[in-house]
Amino acid sequence: MEQMNIVIVGHVDHGKSTLIGRLLADTNSLPDGKLESVRLMCERNAKPFEYAFLLDALKDEQSQGITIDSARCFFNTAKRRYIIIDAPGHIEFLKNMITGASRAEAALLLIDAYEGVQENSKRHGYMLHLLGIRQVVVVVNKMDLVNYDEAAFLKVKTEYEAFLGQFGLVPAAFIPIAARDGENMVTPSEKMPWYAGKSVLDHIDDFTQAKDKQELPFRMSVQDVYKFTAANDDRRIVAGTVMSGQLKVGEEVVFFPSQKRSRVKSIEGFNQAPRTTISSGEATGFTLETQIYIRPGDLVVKATDVPPLSGTTFKVSLFWLGRTPMTVGKAYKLKLASTRVTVYLKEIVSVMDASELQTEDNRREIGRHEVAECVLETLKPLAYDLAIDFEDTGRFVIVDGYEIAAGGIVIGQVASEASAVQKYRAQRDASWEKGLVEIQQRQQLLGQRARAVVFVGDRAPELGKLLEQHLISNGRLAYYLGRASVLSGMGADYTGALGREEFVRRLGELAHMFTDAGLIFMTSMQECDDAELEILSVLSDPFEILVVVCGLNPFSQRVPDVQISDAMDLESAKSQVVQLLADKDVVPEYFL
Amino acid sequence: MLWSIGKDSTVLLWLARKAFFGHVPFPLVHIDTSYKVPEMITYRDKFALEWNLNLVVGQNEAALKAKETFPDGKIDRIACCKALKANALKHTLSGEWPRKRMNHQTRQLEYDTNTEPYTGVIVGARADEEGSRSKERYFSPRDKQSDWDVGDQPPEFWNQFKTDFAPGTHVRIHPLLDWTELNIWEYIARENIPIISLYFDQGEGKRYRSLGCYPCTTPVESTSTTVQEIVQELKSGKFSNIAERSGRAQDKEDGGGLESLRREGYM
Ligand SMILES: Nc1nc2c(ncn2[C@@H]2O[C@H](COP(=O)(O)OP(=O)(O)OP(=O)(O)O)[C@@H](O)[C@H]2O)c(=O)[nH]1
Ligand code: SF4
């Protein structure tokens, strides 16, 4: 049977729970005995029976008397099965409302006929728009309180229609109802003969299923690259969920933002017949014809499909849920599909108090429950789409500390003048307290050129340490700093919550200090990519960074200065790096 | 991942095998109350070996030794479940109590030398099972006291979940939250998952709809002998509107029993 998620939203006490309880009861969808047991409970507690209690299964919820989270319940019509999500109306629970509403394909929005359009009626309408829910039916409840009067209904309708129109949301219908008494819920109400439209249930059945995304261009975010070599499985599987489109064995794929290319060798799966095609909605995996270095978060696109956008600066519309405001210049983590990058709020274009939709300028902060248009900037280039083109790669969440603090959609690309790292470095250099010694003096004293050497790959730490030993025993001043050392001292406050780029930034700062001191600075990274190397290079400039890759080359632009194959022994590997240092005149050759 | 041997957690295990292309890269924790139907233990060990699972078993050995249990007549059901399930789970996860691990060479459970605490568990809880479940998240963090603040759950939308945690946080992950009992059986049918025979009528007109300890779980009247028959029974038959856990006596002791046990850690 066909299935659909619908959400019910609205201002607190406008009757959502009642409407849902009623829908469940009227479609005979309650478990046997449930209605009676709730009636009994009400009797025992000398409370009048409320349909809303059916949903309030939680003890503490009943004592508070408001829906605090999106409950899920189920009902069937002849047409299909519905999962119905009750979203709390209270502003304090906006994040719960979003959690519920985001799963829905369609929404019922309730407005109390007597109280009229309230702050949350507006906010919820706007949130539905941001969440991308296009099918909305507005239900004007408690018509009994306004004597089933058409004028009262029209007043609410006109006002609310105008509000939704501001951002282009056109509801499928406005329905006058009395949920408690079942008026216009299932069958046309005799009390409102002036209303010629359909009942709530009929309108629900008129909602249409989300369109299949199979015809759209192919998009898949790499969740992970699996190797199960320990279990005698030598497949290297690129795993993820296909967001749209189709992909076949033999087709060429491009990984963004690195733009590495390969062809699909096989589709992998467990307990399924061999296949040659994967399509939207599937959690799946494939292997590639060539071994290329890809990372979780890379966006897979078919070579023949439109490419995504890629860059560090983009305009978004977002809602802020965090307890502390979003602040210009502070670092956050952005999650888009499987990608995680460090992001900064660069500029606030306008902040709207969602209930009023007014634009305010000159803001440095976005407060809790506010909606804003703003410009975000990342340190590393990000592959994305505009939300109007591709829902799944056009929307993101922002993590502040450990919590998801915002959700947003990308509405435009912004050309960036200087990259965030370059600006950061310019600031750092401007405030650097220079000593009286020039670097040339130091280099002369030490008889070497200051350089940073980055070893990349699984065997990187071993090789780095060997080289350090070699240089020191040959009278050079070199220092190897491992990842754990960076994290334990300088990075004691680094939790990973800020994203990897923050680690890379700190490493770059260390590289800058050590090289400025005239040393040969060495460090290792198990993983690295062009963007991260770029951050390191900018930060340690004017000292060139030398790159030694052990194993698979992770770079698509940067050509490693030395490449060590997995088969090569460490001694030979060391000699290659030593030769590199000689070739680059880092250390005078006769010393080696 | 918690594996109770029941249909939900076995479906969850199957999903893990699918997600990791035939491998299960994390331990499967089974809490053995010692009152499980013996067939469950046979089934557990058989598939742990066959599927190359890292099976870890925990038990409240002290309570069992002292016979401080409901079947021994010493305590009521709530206290017994708390001791044999909630506490056993809590201390097995934390590594404070001995854990046994399946040794695939000797094909025996042996005491595990690894006592590292697990910082998270993946569980097969479903929203449709019980009112109190419907307030969960896919990723539900619990703080150090295992406290569960229903009013302040992290937002989840667009397939983005709370995956960053302060040190010391314990996280529960509920991948099956939006599945129904019917979904479970339909998936078992689709994937042809070997499911324990206790769920089927063995000729006496009875089968288990939900598995638990034998002193506290009664079979339901049903002649379903295949997965297909169960699917039919749930769709249109006698169980289409009777709550699944109606055969579980421990749920009935007090109205909020399940709720309070959840807070203790019993799934
Ligand atoms: N007069 C009248 N009262 C109604 C009607 N529908 C709901 N109510 C009452 O309005 C009050 C609030 O209804 P709920 O369904 O609990 O409201 P809600 O929007 O779910 O509110 P929260 O759960 O607090 O977010 C209850 O006392 C209901 O009995 C109606 O059609 N007419
Ligand atoms: S189900 Fe029964 S035997 Fe099992 S732990 Fe609970 S009370 Fe004890």
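Chain A splits into four stretches under an automatic or database domain assignment: domain 1 (3–206), domain 2 (214–302), domain 3 (312–416) and domain 4 (436–591). The model is a predicted one, in which local features need pLDDT of at least 70 and side-chain atom pairs count only at pLDDT 80 or more, while totals for chains, interfaces and linings use all residues. Residues are numbered from 1 along each chain as its sequence is written, chains are lettered from A and ligands numbered from 1 in the order in which they are written, and side-chain values use heavy atoms, with hydrogens and water left out.

Take domain 2 and domain 3 of chain A: their centres, taken over C-alpha atoms, are 29 Å apart. The contact (heavy atoms within 4.5 Å) draws 13 residues from domain 2 of chain A and eleven residues from domain 3 of chain A. Between them about 850 Å² is buried, with carbon and sulfur atoms giving 64% of that; buried area here is the accessible area (1.4 Å probe) that two parts lose on being put together, summed over both. Of the area that domain 2 of chain A buries against domain 3 of chain A, 46% comes from Arg219(A), Met243(A) and Pro257(A), more than any other three residues supply. One salt bridge is found across this interface, a salt bridge being a side-chain nitrogen of Lys or Arg within 4 Å of a carboxyl oxygen of Asp or Glu. Arg219(A) also pairs up with Asp385(A) in a salt bridge, with 2.8 Å between the closest N and O atoms.

Chain B has domain 1 (7–177 + 253–263) and domain 2 (182–251). Their contact involves 30 residues from domain 1 of chain B and 25 residues from domain 2 of chain B. The two bury about 2600 Å², and carbon and sulfur atoms account for 63% of it. On the domain 1 side of chain B, Lys7(B), Trp14(B) and Arg77(B) provide 26% of the area buried against domain 2 of chain B, more than any other three residues. The count between these domains of chain B is one salt bridge. Lys18(B) and Glu191(B) join their side chains in a salt bridge, at 2.9 Å from N to O.
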